[in-house]
Amino acid sequence: MTSPYDLTREDVATLLEGEPRYRVDQVWRALWEENRPVAAMTTLPRAVRQRLDDALTPALRAVNEVASDLGATRKWVFELSGGATVETVLMTYDDRVTVCVSSQAGCAMGCSFCATGQAGFTRSLRVGEVLEQVMVAARVAAPRRLSHVVFMGMGEPLANYAVTVEALRRLHENRGLSARHLTVSTVGVAPAIERLADEGLAVTLALSLHAANDDTRSELIPLNQRYPLARLSAALAYWNERTSRRVSLEWALIDGVNDTEQSLDELAAFATPLRAHVNLIPLNPTPGYLTRGSPPARVAAFRDGLARRGVNATVRRTRGRSIDAACGQLVNVTHARRGRLRVDDGVNSPARVDVDGGLLGRTRGPTAP
Ligand code: SAH
Ligand code: SF4
């Protein structure tokens, strides 16, 4: 099964062999600029469309779509070939439109506080499967232009390294997204961070730190045993040096675990030499981890404590909690949530449920150009 977004330009040329050269350009534009599914490439002769249609199949089938924040946050559950599912979240802000994509169905890293980690690993995604998430979201965001892509959905992007790098390149080169608006979030695969630094891609790197002492971090994030803080810090210093870009450190505040004075000192000691920016969010609830997120007053106090220590920090507003679309709440439904899904049987006609009650009008279908 090949998705149109698995194809390079050369692949399109091969597929259209015998057709005039401008057809290749036309199809390429339809895919990347106009963002049309093959069926909607209506300016192509029927025979050409048929050729594409015979060779290509969309990689994603939307089985559910929900919205919250008055429609500003939308989450899709997409089924992949073979039956695994992934989740994609579109967030519309005043100044940007961001899509959060999954790089794997499930995740093998087993972080204790993360719903994806709790559910286990199914498989890594192909490049077309990652890119289609972006393109489907961009269609729904229109006429707003989708401007930012964050690899913060399900999976560890650096554990699906080649696909992640290829997807980043194509989003930049084919879709024209600014590299700095592409963010890779990693749990800390140190050698892969160094390799990514050598790729010559000026993307943004976010490290999910959450604890800056090895005992606590290893409890939260098993991979810390393999790449402890000193190793990570070296990889991040290399990133700074090679890319001249500062990293962001993600810190989900957990009540009594990583929101103490000691945590502040440890985090400041880790962040300061890297001149890193810290993003704070209260931990979102997941079924398999019982400690709560820090209360709002504690979150604000933690930010102030960082400021006093000279560390830049931002408190992020949580989006999509009510639809389990917030950080760490995405889960492979084939494992855990089949029963809660509203599945529609029509291809590409997901149940559109607004959690505030009403069914959403189907004014902009996810596959309409
Ligand atoms: N695997 C990558 C990217 C996906 S997770 C990574 O771990 O970075 C995206 C972000 O959500 C990470 O920063 C992760 O630490 C965070 N996260 C996971 N579970 C969370 C939870 N329950 N509450 C808040 N953030 C969480
Ligand atoms: Fe995987 Fe990231 Fe969740 Fe850890 S936090 S289990 S690395 S998705």
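**Ligand shell and strand pairing**

Reader: How do the residues of the shell around ligand 2 divide into nonpolar, polar and charged?

Author: This is a predicted model, in which local features need pLDDT of at least 70, side-chain atom pairs count only at pLDDT 80 or more, and totals for chains, interfaces and linings use all residues. Residues are numbered from 1 along each chain as written, ligands are numbered from 1 in the order written, and side-chain values use heavy atoms, without hydrogens and water. The shell, taken as residues with a heavy atom within 4 Å, includes Cys-107, Met-109 and Val-187. With Ala, Val, Leu, Ile, Met, Phe, Trp, Tyr, Cys and Pro counted as nonpolar, Asp, Glu, Lys and Arg as charged, and the others, Gly among them, as polar, the shell has five nonpolar, three polar and no charged residues.

Reader: Which residue of β2 is the bridge partner of Arg-61?

Author: Strands are DSSP runs of E of at least two residues, numbered from the N terminus, and two strands pair if DSSP finds at least two bridges between them. Strand β1 (residues 61-68) pairs with β2 in the antiparallel sense over seven bridges. Within β2, the partner of Arg-61 is Glu-79.

Reader: How many residues of strand β2 are buried?

Author: Buried means under 20% relative accessible area, computed with a 1.4 Å probe on protein chains only. Thr-73, Lys-75, Val-77 and Glu-79 point one way from β2, while Arg-74, Trp-76 and Phe-78 point the other way, and all are buried. Strand β2 (residues 73-79) is therefore largely enclosed by the rest of the structure, the buried count being seven of the seven.

Methods: Buried means under 20% relative accessible area, exposed over 50%, partly exposed in between (1.4 Å probe, protein chains only). Helices (H or I, at least four residues) and strands (E, at least two) are DSSP runs, numbered from the N terminus.
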